[in-house]
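Dear colleague,

Please find below the structure that I am handing over to you, together with its sequence. My notes on it follow directly after.

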Amino acid sequence: MEKMWAGRTAGQVDKIADEYNSSIAIDCRMYREDITGSMAHAAMLGAQKIIPQEAADHIIEGLEGILNDLESGALEIDYDCEDIHMFVEQVLTSRIGDEGKMLHTARSRNDQVALDLRMYLRRECAEITALVEELVEVLCNKAEEHKDVILPGYTHLQRAQPITFGHHLMAYASMLLRDLSRLDDAVKRMNVSPIGCCALAGTTYDTDRYFEAEQLHFDDIMLNSLDGVSDRDYCVELMNDFALIMTHLSRFSEELILWSSWEFKFIELSDSYTTGSSIMPQKKNPDMAELVRGKTGRVFGNLMGMLTTLKGIPLAYNKDMQEDKNFIFDSLDTVKISLQVFIPMIDTMTVRSDNMLRAAQEGFINATDLADYLVRKGLPFRSAYKISGQIVATCIDEGMVLETMPLDVYQGFSDLFEEDLYDSISLKNCVERRISVGGTSVASVENQIEYTRDVLAARQQDKEQD
């Protein structure tokens, strides 16, 4: 098959080199964007009288037919073509004749692929955003259901202070809200049209780049043609955002893996999101959570691969940049399927509140509240801290917890202890007294849930207005 770029060269490439050069296996997923972008370009060429209006109309009609046939399955992509752009143009020319050859007037594959990629990522980011929003809503629902369930809060993976499970879940909801904000910003910066930048220097034709940008729902155009064809900052930015989403899912996965172990038994994952062992019948393995944790490294690697590819490329386009789609598409696919698995895994998990409470009681995590009790009685904090530590050591030696140690034993450490002590170190009261904004009290968790749902509602309203 003769290459469409044959001319300066014979257009004949060694078979292995041809396969090495080909990108259609990965860029074929952008066929919708390539065709709709070409339709807008043809409309502009006709409106600007760069090509006859009749030819522009025939091109648009031909492109619509190709898109319909690809969508219906009547037309299959020819993987012998070099890329999706060449495939579409070849099919168009075979269907409508020489008029199809006019389509590539005033553009290059360089600005064409830049256009397709931005449009494709814009569409896919909308799907990622919707999935993150769905996960946040699931977390809000779970947090509301378990807003008063007490469990140990940890630092250094050591039991630290009592918190509510709802509070813990809303920490992840807060992370994901930031992820949504970052995606919004990245898409906003990405939504600038490169079409019309051509190979690198623009064109001698009197094109209307703003017309094409408006037709394709871009907010603006790239103002420098060199930058327009060589910029992949938006890929790096999106991949960084994807890496952070996966970081948050991975941290949560690590906790789910720990919590579902017999050593914790704080939760139980649905059978739909676990597997068994091939040899040990008692096992219920949290494989989906482990895969999310494992695939996070893959997304990190793609980000580093993209940065490494871009760091030494002189202006403007170089063939190295063909690798961009391998990195960004793999990251996008990985984030999407990870969210699709993670959402129902969280939604269907069983919370073992009894085990959470037992762990809280046995962890002396109300020791800080014991010290605060003495401070309220007038003892300096450092002195109160020392006495509380001595009391914990005694409890451990005697097999007691703070709530069950007799008052006379307490008073052996300090005569400031009175009967009201037990009210102060009740785990429920310890949680409810965390009244500071953002704290773990039930009222605070309710406020966090309300705020988060308001953010989601506002986002939905914005989408409907768009």
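Helices (H or I, at least four residues) and strands (E, at least two) are taken as DSSP runs and numbered from the N terminus. On that basis the protein chain has 19 helices and six strands.

Two remarks on the basis of these notes come before the findings. This is a predicted model, in which local features need pLDDT of at least 70 and side-chain atom pairs count only at pLDDT 80 or more, while totals for chains, interfaces and linings use all residues. Residues are numbered from 1 along each chain as its sequence is written, and side-chain values use heavy atoms, with hydrogens and water left out.

Overall form

The C-alpha trace spans about 100 × 50 × 40 Å along its principal axes.

A residue is called buried under 20% relative accessible area, exposed over 50%, and partly exposed in between (1.4 Å probe, protein chains only). Buried residues make up 50% of the 466 residues in the protein chain. Accessible areas come from the Shrake-Rupley method with a 1.4 Å probe, and for residues only the protein chains shown count as cover. The accessible surface of the protein chain is about 22400 Å², and carbon and sulfur atoms hold 51% of that area.

Contact here means heavy atoms within 4.5 Å. Of the contacts in the protein chain with a separation of 6 or more, 76% are between residues 24 or more positions apart.

For charge, Lys and Arg count as positive and Asp and Glu as negative, with His and the chain ends not counted. Each charge is placed at NZ of Lys, CZ of Arg, CG of Asp or CD of Glu. The protein chain has 45 positive and 78 negative side chains, and 4 Å separates the centres of the two sets.

Nonpolar cores

A nonpolar core is a set of buried Ala, Val, Leu, Ile, Met, Phe, Trp, Tyr and Cys residues joined through side-chain atoms within 4.5 Å. The largest such core has 72 residues, and Leu121 and Phe242 have the most contacts inside it. At least two residues of this core come from each of several helices, including H6 (109-145), H7 (165-190), H10 (233-259) and H19 (442-465). Beyond its neighbours within four places in sequence, Phe242 is in contact with residues that include Cys125, Ile128, Leu183, Val299 and Ile328. A second, separate core has 28 residues, among them Ala42, Ala56, Ile59 and Val88.

Backbone features

Leu315 and Ala316 are joined by a cis peptide bond with omega of about 5°. Ala316 belongs to the loop between H11 and H12.

Leu157 is not a glycine, yet has a positive phi of about 60°. Leu157 sits in the loop between strand S1 (150-155) and strand S2 (158-164), and is exposed at 57% relative accessible area. Cys198, also a residue other than glycine, has a positive phi near 60°. Cys198 is placed in the loop between strand S3 (192-193) and helix H8 (209-215), and is buried with a relative accessible area of 7%.

Individual residues

Asn110 of helix H6 is buried, at 16% relative accessible area. Not counting residues up to four places away in sequence, Asn110 touches Cys198, Ala199, Val229 and Tyr317. Asn110 and Glu418 are 308 residues apart along the chain, and their C-alpha atoms are separated by 79 Å.

Asn366 is in the loop between H13 and H14 and is buried, with a relative accessible area of 1%. Outside four places in sequence, the residues that Asn366 touches include Pro162, Leu402, Glu403 and Cys430.

Glu362 in helix H13 is partly exposed at 46% relative accessibility. Apart from neighbours within four places in sequence, Glu362 is in contact with Arg159 and Val401.

Thr368 lies in helix H14 (residues 367-376) and is partly exposed, with a relative accessible area of 31%. From Thr368 to Tyr385, 17 residues apart in sequence, the C-alpha to C-alpha distance is 7.7 Å.

With kind regards
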